[in-house]
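Please look over the two-chain model below before reading on. The text that follows takes one chain, then the contact between chains, then the other chain.

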Amino acid sequence: MPITQRRRLIFRSAAVCVSVALGATALTACGSEDDSEAESGPVSLTYWTWTPGMDKVVDLWNKGPGKQDQITVTVKKQASGDTLVTKILTAHKAGKAPDLVQAEYQALPTLVSNDAVADIAGEVGDAKGKFADGVWQQTTLGTDAVYAVPQDIGPMMFYYREDLFKKYGLKVPATWDEFAETARALKKKAPDTDLTTFSANDSGLFAGLAQQAGAKWWTTSGEKWQVGIDDAASEKVAKFWGGLVKEGAIDNQPMYTPAWNKALNTGKQIAWVSAVWAPGTLTTAAPDTKGKWAMAPLPQWSDSDDVTGSWGGSSTAVTTDSTHKAAAAKFAAWLNTDGDALNALAKEGGIYPASTSAQLSGAFTTPPDYFSNQPDFYKQAAEIAETTAPSAWGPNVNVAYTTFKDAFGKAAKDKSDFAAALKSMQDDTVADLKKQGFEVAE
Amino acid sequence: MTSASRKAYGVKGAPYAFLLPATTLFLLFFALPIGYAVWLSFHKVKVSGLGLGSGARKEVWAGLENYTDALGDSELISGALRVLGYGCIVVPVMLGLALLFALMLDSEKVRLAPFTRLAIFLPYAIPGVVAALLWGFLYLPDVSPFYYVLEKLGLPQPDLLDGGPLYLALSNIAVWGGTGFNMIVIYTSLQAIPVEVYAAARLDGATPLQIALRIKIPMVAPSLVLTFFFSIIATLQVFNEPTTLKPLTNSVSTTWSPLMKVYQDAFGKGDIYAAAAQATIIALATLLLSFGFLRAANRRNKQEAAR
């Protein structure tokens, strides 16, 4: 068997390494490609992350490979998402950013443009093969540089109440047209019930839906940025949801509110367009309906399509302020490609790994507790993840996202034109780029 | 001669030596940060090319650009108008209630005064964010017990998180939280009025109502001015309540009040320069409004005293 053979070979070389180390000869003999930390002795790194249980995963490193390389990592727990970006940028201004940071993919261009994260292509370039191309491309921003190692991803899926779909005689929609029909059919059968809601309080959802439709919000041509937030694909998505809200086929209230939790828990809303991490959210939002939900691929824009968007997901980046970049990059690569590390991340942090090999191993051989009725949950998830459309982030995603919340929040409330809201999102984003001095192609 | 001059010097220098700690603290933790904010407000970031890689971002002098942008920003102005509308409800209602409760507690016939005083004051001890969350739950039709009762009684159920009622909903949180504090301030100054004044008034045949209107209220006017002054400042700086209610409804935007706009620009959009300029404008407006009010109040007091 070739696999066992290979494994044995690895074991043997590991044994050689250990014996060499014990023989008190140079550690570099173990084939570490970066020689910088071998000469600098013990290294201690600080890591800002919001993943729960990360300290336990880092313990594995500190007691295992880290001990061997004399690289100790300390976790400093942070607030998630945009809040951390602000904190990193502030710390970077003072030249005091930690060595390693967790960053959502859409935040990477902002961090790169502030010169806060370092190019670690030399150290982690080999890891490329462990990730889907679309995921890896988000960490390179389409350049030769590599600014982070992918950690988790959020391929989007369609979640629905299996029992209530049966009760109301609804079919799981395969296309967005069918989705709209399903919403209307449900309104007819049960006027108090909504298929779902269009929520304007999480921009990532809309960005993912636009991405599925083929939108490319930020692209570059030469030395200029091109903003396509109001491109045809995004407009199609905006008009689709705007139309459903206007005719009252779906609700227009924000999600993640006590009212939303109650609607999911009592069957007042019977579906949710979400991502692979939904089981965690549903567990707390709708505890009484455990085992009644099912997951299906996201509806498509045409029968022949098979694509999804992504909502969420993050990476591990090394900062430019770090004085031990090679050591930090080594840890980042281990954390996101090593089997044990990823298993622990899944168990302690509940993340869905970006590394393709980890998506079907260890913690992902059994479905999440909440979806025990769907044994092949993670097998399907891995298949869906493969169909993720490429994304295109730019240096002021934060501005586009805040404008989204206000413009679409107002449009959803007034049940007015979503295309106009999209236009104002485009205009604000372009205006901000120009204000900062970026070259923008019209 | 030498000893005399040294003595004179020592006495002259003493006040400055005493002032030194306070001045140092003032400069370090007050003047310096404010100065830095003002300095930031006259700068902006300038990106070259795609803005990727090191050295692509520079801080450059912006002159008054951030200020003209802020003053021409319709969102900041409508935020100010929203806060004005909110203040027109909060300040009169809150101070009216505070005065009423203080007068009632001060009257002789009241029972359980210490308990009542504490009960009215208690909401002030609850952090603003917690209060807003608590009320937010009560305003959401699907989880609120009020709506449940209204539904059972067959009464109309207004949407408190939209349009005009939203102002009432927000004001309610502020009034609920702030009345107790203002009541204590007014009540304390009521307690300081000498009893002889009341005795004289009663001898003259004044009823309790007349005593309240003609003696108590004029005598606590300075406290009323003070509470009004505090309330104006608190209103201009409203941030907690709308920020906490924002995730619950589409009606509260991320830039609902001027301070929310500052926060959004600094931490949402990452433009600390524009945020610094807006913060400076808000601070100046607050100073002008509150000191303008104080001067007007003082002038009136002096005129009355002269009469």
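Chain B is divided into domain 1 (2-61) and domain 2 (73-306), with bounds that come from an automatic or database domain assignment. The model is predicted: local features need pLDDT of at least 70, side-chain atom pairs count only at pLDDT 80 or more, and totals for chains, interfaces and linings use all residues. Residues are numbered from 1 along each chain as its sequence is written, while chains are lettered from A and ligands numbered from 1 in the order in which they are written.

The C-alpha centres of domain 1 of chain B and domain 2 of chain B lie 35 Å apart. Between them, 7 residues of domain 1 of chain B are in contact with 6 residues of domain 2 of chain B; two residues are in contact if their C-beta atoms, placed from the backbone, lie within 7 Å. On the domain 1 side of chain B that touches domain 2 of chain B, helix 1 (2-41) and strand 1 (43-47) each supply at least two residues. Helices (H or I, at least four residues) and strands (E, at least two) are DSSP runs, numbered from the N terminus. Helix 1 of chain B gives the most to this side, with 4 residues. By class, the side of domain 1 of chain B that touches domain 2 of chain B has 4 nonpolar, 2 polar and 1 charged residues. Here Ala, Val, Leu, Ile, Met, Phe, Trp, Tyr, Cys and Pro count as nonpolar, Asp, Glu, Lys and Arg as charged, and the others, Gly among them, as polar.

What does chain B look like as a whole? Chain B has 13 helices and 2 strands. Its C-alpha atoms fill a box of roughly 90 × 80 × 35 Å, taken along the principal axes. The radius of gyration of chain B is 26 Å, whereas a compact globule of 307 residues would have one near 19 Å; the radius is taken over C-alpha atoms, and the globule rule is 2.2 Å times the number of residues to the power 0.38. Of the 307 residues of chain B, 31% count as buried. A residue is buried if 20 or more other C-beta atoms lie within 10 Å of its own, exposed if 12 or fewer, and partly exposed in between, with C-beta atoms placed from the backbone. Among contacts in chain B with a separation of 6 or more, 67% are between residues 24 or more positions apart.

One helix pair can be followed in detail. The axes of helix 3 (residues 74-106) of chain B and helix 10 (residues 221-236) of chain B come within 10 Å and cross at roughly 150 degrees. Axes are lines fitted to C-alpha atoms, for helices over the stretch in contact, and angles run from 0 to 180 degrees between N-to-C directions. The residues making this contact include B:Val83, B:Tyr86 and B:Gly87 of helix 3 of chain B, and B:Thr227, B:Phe228 and B:Ser231 of helix 10 of chain B. By class, the contact of helix 3 with helix 10 of chain B has 10 nonpolar, 4 polar and no charged residues.

B:Met260 is found in helix 12 of chain B. B:Met260 is buried because 22 other C-beta atoms lie within 10 Å. Leaving aside neighbours within four places in sequence, B:Met260 is in contact with B:Phe239, B:Pro242, B:Thr243, B:Thr254 and B:Thr255. B:Met260 and B:Phe239 are 21 residues apart in sequence, and their C-alpha atoms are 6.1 Å apart in space.

The contact between the chains takes 28 residues from chain B and 34 residues from chain A. Strand 1 and helix 12 (258-268) of chain B are the elements that give two or more residues to the chain B side. That side of chain B has 11 nonpolar, 13 polar and 4 charged residues.

The domain assignment of chain A gives domain 1 (33-154 + 312-365) and domain 2 (155-310 + 372-436). Their C-alpha centres lie 28 Å apart. The contact takes 21 residues from domain 1 of chain A and 22 residues from domain 2 of chain A.

Most residues other than glycine have a negative phi. A:Tyr256 has a positive phi of about 65 degrees although it is not a glycine, and its place is in the loop between helix 12 (232-246) and helix 13 (258-266) of chain A. A:Tyr256 is partly exposed, with 14 other C-beta atoms within 10 Å.
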